[in-house]
Amino acid sequence: MLILGLETSCDETGVALYHTGRGLLAHALFSQVDIHVEYGGVVPELASRDHIRKALPLIEQVMAEANCTAGDINAVAYTAGPGLVGALMVGATLARALAWGWGVPSLGVHHMEGHLLAPMLEEDRPDFPFVALLVSGGHTQLVRVDAIGEYRLLGESLDDAAGEAFDKAAKMLGLPYPGGPHIARLAEQGDPSRFDFPRPMVNRPGLDFSFSGLKTYTLNTVNDCRAAGELTEQDKCDIARAFEEAVVGTLVIKCRRALKQEGLKTLVMAGGVSANRNLRASLEMALKKDRARVFYPAPEFCTDNGAMIAYAGAQRLAAGQRDEGGTAVRPRWPM
Ligand code: KG4
Ligand code: ZN
């Protein structure tokens, strides 16, 4: 089976072709970062309009790369939610129209299920059951995964998502959107012993997160540095490092706690923040001590992409899922 996957939930147009026997045949991504950067965040209407411009050329590109024609494609999967309603509508409408024209089924996929299954695109893939840490710009969740579609929420952020916290801290330091990679870059030059940021909620039992207090702490530290003179490049690096250490430290503690609670030895990490090198290294080191293992996608499949939607679509298609009329998108959609 050959599945075309379309991702248009936010500011990346992602397209991919996944073959159930041969794996990922081709994938392409257009990031709209340059369009939104001057606004300091994603402008929904601009996002929708650019998805319209980019989706078809990207589909033509992956079909050419995979050397396939429309007749080879068995289904079209698209992100049905959660996400920006206009952006989702572009992908859903295009996917449904193509599927109708080609006489094949279309199916809507949950964006976070796409992220969750992205590590399955790697050669060394985890076995069920496992605990998944989903860390993106919109979500921070710990989920127990027993099989495709069998998910139980163990804990989640009560306020900001981890990626959102990275983006907000970056803004305070005058860094562009999206801030995660910029904070990570500065943090590498930062002195980890200069500031000690709090690890929110780690002393309370349970698996929920909270990152809004950390945001306030970051702002206060920035203001303290300004009051003492100017905010120097080294100040920025040291704050970025302390912030990153606090987020990473919190995530590591909660992941270990979740594995222990569920009696499992496999952790899967996905979503944009899982590209963070400090987080990867810290989790690997911590889990080694527990004789547990962590799996994550290649960096290009941590952030939004079409490959994860094509893969999740393939799994859902095999389980018998198809679109049946009705609304195509769900901007708010719990997993
Ligand atoms: O999964 P994703 O591409 O989009 C959503 O579904 O939200 O995640 C984007 C988020 C942004 O908040 C971005 O700042 C963060 O992931 N991010 C990172 C890194 N790369 C992306 N955060 C920390 N370190 C990184 N290297
Ligand atoms: Zn995402």
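Reader: Which side chain has an N or O atom 3.0 Å from a nitrogen atom of ligand 1?

Author: That side chain belongs to Asn276, where an N or O atom lies 3.0 Å from a nitrogen atom of ligand 1. Please keep in mind while we talk that this is a predicted model.

Reader: And how much of ligand 1 does the protein bury?

Author: Ligand 1 exposes 560 Å² when it is taken alone, and the protein buries 87% of that area.

Reader: Which elements give two or more residues to the shell around it, I mean around ligand 1?

Author: There are helices α4, residues 111–117, α5, residues 162–172, and α6, residues 180–187, each giving two or more residues to the shell around ligand 1. The largest share comes from α5, which supplies three residues.

Reader: Ok, and which residues come nearest to ligand 1?

Author: The shell around ligand 1 holds 19 residues, and those that come nearest are Gly137, Asp167, Gly180, Gly272 and Asn276.

Reader: What does the backbone of Gly137 do there?

Author: A polar backbone atom of Gly137 sits 2.8 Å from an oxygen atom of ligand 1. In Gly138, a backbone N or O atom is 3.5 Å from an oxygen atom of ligand 1.

Reader: How many of the shell residues are nonpolar, polar or charged?

Author: Sorted by class, the shell around ligand 1 is made of five nonpolar residues, 12 polar residues and two charged residues.

Reader: Changing topic to the helices: at what angle do α2 and α3 cross?

Author: The axes of α2, residues 44–65, and α3, residues 85–102, cross at roughly 40° and come within 9 Å of each other. Because of that angle, α2 and α3 count as oblique to each other, and the crossing in which α2 passes α3 is right-handed.

Reader: What about α7 and α8, how do their axes cross?

Author: For α7, residues 212–227, and α8, residues 233–262, the axes cross at roughly 165° and come within 11 Å. The cut-off for roughly antiparallel is an angle over 145 degrees, so α7 is roughly antiparallel to α8. The crossing of α7 past α8 is right-handed.

Reader: Now the backbone: is the peptide bond from Gly81 to Pro82 cis or trans?

Author: The bond from Gly81 to Pro82 is cis, and its omega is near -10°. Pro82 is found in the loop between β4, residues 75–81, and α3.

Reader: And what kind of peptide bond joins Phe128 and Pro129?

Author: Phe128 and Pro129 are joined by a cis peptide bond whose omega is about -10°, and Pro129 belongs to the loop between α4 and β6, residues 130–135.

Reader: Last one, is phi of Met201 positive or negative?

Author: Phi of Met201 is positive, with a value near 65°, and Met201 is a residue other than glycine. Met201 lies in the loop between α6 and α7.

Key. Residues are numbered from 1 along each chain as its sequence is written. Chains are lettered from A and ligands numbered from 1 in the order in which they are written. This is a predicted model: local features need pLDDT of at least 70, side-chain atom pairs count only at pLDDT 80 or more; totals for chains, interfaces and linings use all residues. Side-chain values use heavy atoms; hydrogens and water are left out. A residue is near a molecule or strand if one of its heavy atoms lies within 4 Å of it. A polar contact is a pair of N or O atoms within 3.5 Å; within protein, one must be able to donate a hydrogen and the other to accept it, and residues adjacent in sequence count only if both atoms are side-chain atoms. Accessible areas come from the Shrake-Rupley method with a 1.4 Å probe; for residues, only the protein chains shown count as cover. Helices (H or I, at least four residues) and strands (E, at least two) are DSSP runs, numbered from the N terminus. Ala, Val, Leu, Ile, Met, Phe, Trp, Tyr, Cys and Pro count as nonpolar, Asp, Glu, Lys and Arg as charged, and the others, Gly among them, as polar. Axes are lines fitted to C-alpha atoms, for helices over the stretch in contact, and angles run from 0 to 180 degrees between N-to-C directions. Angles under 35 degrees count as roughly parallel, over 145 as roughly antiparallel, 65 to 115 as roughly perpendicular and the rest as oblique. A crossing is left-handed if the near helix is turned anticlockwise from the far one by less than a right angle, and right-handed if clockwise.
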